[in-house]
Amino acid sequence: MTDSIIARDSTADTDGIHDTEVAIAAARAGADVVRDLYGRRLARIDKGAGDFATAADVAAEEAILATLRAARPEDGVLGEEGGQQGTAGAARQWRVDPLCGTLNYAAGTMVVAVNVALRGGAAAVADPFGGEVFCTDGESAWVRDDDGDRPLAPTSATGLVDVNLDPPFPSAPGFRAVDLLARPRFAEHFRPRVVSSTLALAWVAAGRRAAYVTDGQDLSESVHFAAGIALCRAAGCVVTGVDGAPVGPGVRGLVAAADAGTHELLMSVIRG
């Protein structure tokens with residue numbers, strides 16, 4: 001772990017626990033549940049339009065909420081499954097996605113993420129099956145595993161770009177992710193991957209992917225994307241909407257690239 005990370009992460013809040021450590025503990029609590037319930041026949045909760053949650057989503061969120069309540073009882077929490085918890089108007093708000101990649105999980109595929117993010121601050125993305133937690137204090141970004149902490153270093157060297165093909169597609173017909181894959185200029189420079197989990201955003205921050213592209217409405221406050229966006233920004237990635245504008249209200253989708261050159265090239269392909 002670098003000295004800069006040590007200095008920032010050791011800055012304690014009033015109760016002696018840094019927000020980053022709270023985020024990590026909460027993400028790990030959720031990841032433990034996700035891992036323990038993997039492979040079982042789980043009840044499904046229909047959300048409509050082909051979307052669903054499993055009992056693992058609900059149980060993982062409960063474990064995350066218990067950790068956050070114990071450490072930050074005055075904070076508000078917006079959870080994917082339980083909605084708003086605590087005071088909606090609280091100055092400090094957490095965003096929780098207890099199991100990103102539910103369809104993968106239900107199909108027996110170990111490509112999922114547990115996302116916990118404090119709005120405007122610390123965030124953690126846990127990989128339940130890889131044993132890693134990708135973390136940020138809002139300034140630096142690193143990955144934690146059994147061997148300790150290592151700074152995240154984005155790079156476009158792999159040439160791999162994860163493209164989310166899940167609906168909805170609010171930017172169509174102007175932008176369709178599936179059309180992007182068919183463009184010759186995309187194939188000249190990149191190789192597509194479809195992970196179907198925001199774990200892919202952590203992989204961009206870690207240098208395992210050159211970029212990530214998804215359509216969608218404003219994703220800046222999304223429980224699915226808040227932690228991954230925070231990680232990528234802290235790691236030094238370029239993060240915009242599919243139109244190249246900074247992610248925020250009124251901006252659709254997300255393009256997270258390892259560096260400015262990769263982002264510029266991707267945007268030129270997206271714009272046709």
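Start by selecting β7 and β8: these strands pair in the antiparallel sense over five bridges. Strands here are DSSP runs (E, at least two residues; helices are H or I, at least four), numbered from the N terminus, and two strands pair if DSSP finds at least two bridges between them. This is a predicted model, in which local features need pLDDT of at least 70 and side-chain atom pairs count only at pLDDT 80 or more, while totals for chains, interfaces and linings use all residues. Residues are numbered from 1 along each chain as its sequence is written, and side-chain values use heavy atoms, with hydrogens and water left out.

**Stop 1: around β8**

Show Val125, which stands opposite Phe134 in β8. Now look at the other neighbour: β8 and β9 run antiparallel and are joined by four bridges, with Val143 in β9 as the bridge partner of Phe134.

Next, select the glycines of the two hairpins. Gly131 belongs to the hairpin of β7 and β8, with four residues between the strands, and takes a positive phi near 75 degrees. In the hairpin of β8 and β9, which also has four residues between the strands, Gly138 has a positive phi near 100 degrees.

Colour β8 by accessibility: five of its five residues are buried (under 20% relative accessible area; exposed is over 50%, partly exposed in between, with a 1.4 Å probe and protein chains only). Glu132, Phe134 and Thr136 are on one side, Val133 and Cys135 on the other.

**Stop 2: the whole sheet**

Zoom out to the open sheet of eight strands, ordered β4-β3-β5-β6-β7-β8-β9-β10 with mixed pairing. Its edge strands, β4 (83–85) and β10 (148–151), each pair on one side only. From one strand to the next, the twist averages 20 degrees (axes are lines fitted to C-alpha atoms, for helices over the stretch in contact, and angles run from 0 to 180 degrees between N-to-C directions).

Pick β5 (residues 93–100) and β6 (residues 113–118), an antiparallel couple with five bridges; Asp97 stands opposite Asn115 in β6.

**Stop 3: the rings**

How many aromatic pairs does a search of the whole structure find? It finds four, where rings of Phe, Tyr and Trp (its six-membered ring) pair if their centres lie within 6.5 Å; planes under 30 degrees apart count as stacked, over 60 as edge-to-face and the rest as tilted. Select Phe186 and Phe190: their ring centres are 5.6 Å apart and their planes at 45 degrees, so this pair is tilted. Both Phe186 and Phe190 are buried.

Move to Tyr212 and Phe225, whose centres are 6.5 Å apart with planes at 45 degrees, so the pair is tilted. Tyr212 is in strand β13 (residues 211–214) and Phe225 in the loop between β13 and α8 (226–235), so the pair ties together parts 13 residues apart in sequence. Tyr212 is buried, at a relative accessible area of 4%, and Phe225 is buried at 8%. Finally, select Tyr38, Tyr105 and Phe129, a cluster linked by ring pairs.
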